[in-house]
Every structure is written in C-alpha cells, then in structure tokens.
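Visitor: I would like to learn how to read the features of a model one by one. Where should we begin?

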Amino acid sequence: GITIDLSHADFSSLATVGGYAYKNDLIIIRSSDEVYLAFSKVCTHQSCTVTYDPGSNQMPCPCHGSVLNINGGVVNGPAPSALKKYLAKKEGNSLTIT
C-alpha cells in the first residue's frame, strides 16, 4: 500500500469534491466529502491513462474513447474489462491506499 499526504501541493486537487490526482499507476478521486476512490489509471484497452470527469462521474480514456464508471466498470468500450479498484481510507491528512 501507499500513503498520501493530502496537504501536499501535488494533491491539492483532492481538497474539493470532484477533484482527482495521480500517484504512481493510480488515479485517486474525491467523490464526496468523506469518500476517496482509487483505481488503476491504466485503461484495460491499450494502457492509456484515464482521466476523470466530475460532471458525468465517469473516467474517460482519451486514446480510443473508452468510458468507465465511478466503480471502474466499462460503460463504453473498447476497454475489455474494468479498472482494478483499491481501498482508500482517510485519517487526518493521510490517505492510505491498499
């Protein structure tokens, strides 16, 4: 697992709901006041890096048009399978992902 210091400038986008950030091969999303989600950032189609659109609550892949939902599941291919999801737990200013 990894631990992220949420007060660090690299993760300032996670200070607001709808923000997202990358750490290693992960995309971390703040989906509500208390909930953080973590997924592999690597699209299962051809390994491009997914982004996050808070308006649609989906993770689009800019390379070939795949769209994944907030649970990592495929909404629109060509991605053949869901993104791997990790457990994210916040304590104080620390977010631990396992």
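**Reading the model**

Guide: Begin with Asn24, which sits in the loop between β2 (20-23) and β3 (26-30). Strands are DSSP runs of E of at least two residues, and helices are runs of H or I of at least four, numbered from the N terminus. This is a predicted model, in which local features need pLDDT of at least 70, side-chain atom pairs count only at pLDDT 80 or more, and totals for chains, interfaces and linings use all residues. Residues are numbered from 1 along each chain as its sequence is written, and side-chain values use heavy atoms, with hydrogens and water left out.

Visitor: What is the phi of Asn24?

Guide: Most residues other than glycine have a negative phi. Asn24 has a positive one, about 55°. Asn24 is exposed, at 54% relative accessibility. Exposed means over 50% relative accessible area, buried under 20%, and partly exposed in between (1.4 Å probe, protein chains only). Asn57 also has a positive phi, near 60°. Asn57 belongs to the loop between β4 and β5. Its relative accessible area is 33%, so Asn57 is partly exposed.

Visitor: What is the mean pLDDT of the protein chain?

Guide: pLDDT is the predictor's confidence in each residue, from 0 to 100. Where it is low, the predicted coordinates should not be read in detail. Here the chain mean is 95, and 100% of the residues reach 70 or more. Among the elements, strand β7 (residues 74-76) has the lowest mean, 94. Strand β8 (residues 85-86) has the highest, 98.

Visitor: Which residues does a disulfide join?

Guide: A disulfide is a covalent bond between the sulfur atoms of two cysteines. The cut-off is a pair of cysteine sulfur atoms within 2.5 Å. The structure holds one. Cys48 is joined to Cys63, with 2.1 Å from S to S. The link of Cys48 and Cys63 is left-handed, with -105° about the S-S bond. Cys48 lies in the loop between β4 (36-40) and β5 (58-60), and Cys63 in the loop between β5 and β6 (67-69), so the pair ties together parts 15 residues apart in sequence. Cys48 is buried at 15% relative accessible area, whereas Cys63 is partly exposed at 40%.

Visitor: Which residues touch the most other members of the largest nonpolar core?

Guide: A nonpolar core is a set of buried Ala, Val, Leu, Ile, Met, Phe, Trp, Tyr and Cys residues joined through side-chain atoms within 4.5 Å. The largest has 14 residues, and those touching the most other members are Ile27, Ile29, Phe39, Val50, Tyr52, Met59 and Leu83. Strands β3 and β4 are the elements that give two or more residues to this core. A second, separate core has twelve residues, including Ile4, Phe11, Leu26 and Leu95.

Visitor: Which side chains meet in a salt bridge?

Guide: Side chains of opposite charge can pair when their charged atoms come close. The rule asks for a side-chain nitrogen of Lys or Arg within 4 Å of a carboxyl oxygen of Asp or Glu. The count is one. Glu91 pairs with Lys89, at 3.4 Å from N to O. Glu91 is exposed at 52% relative accessible area, and Lys89 is exposed at 51%.
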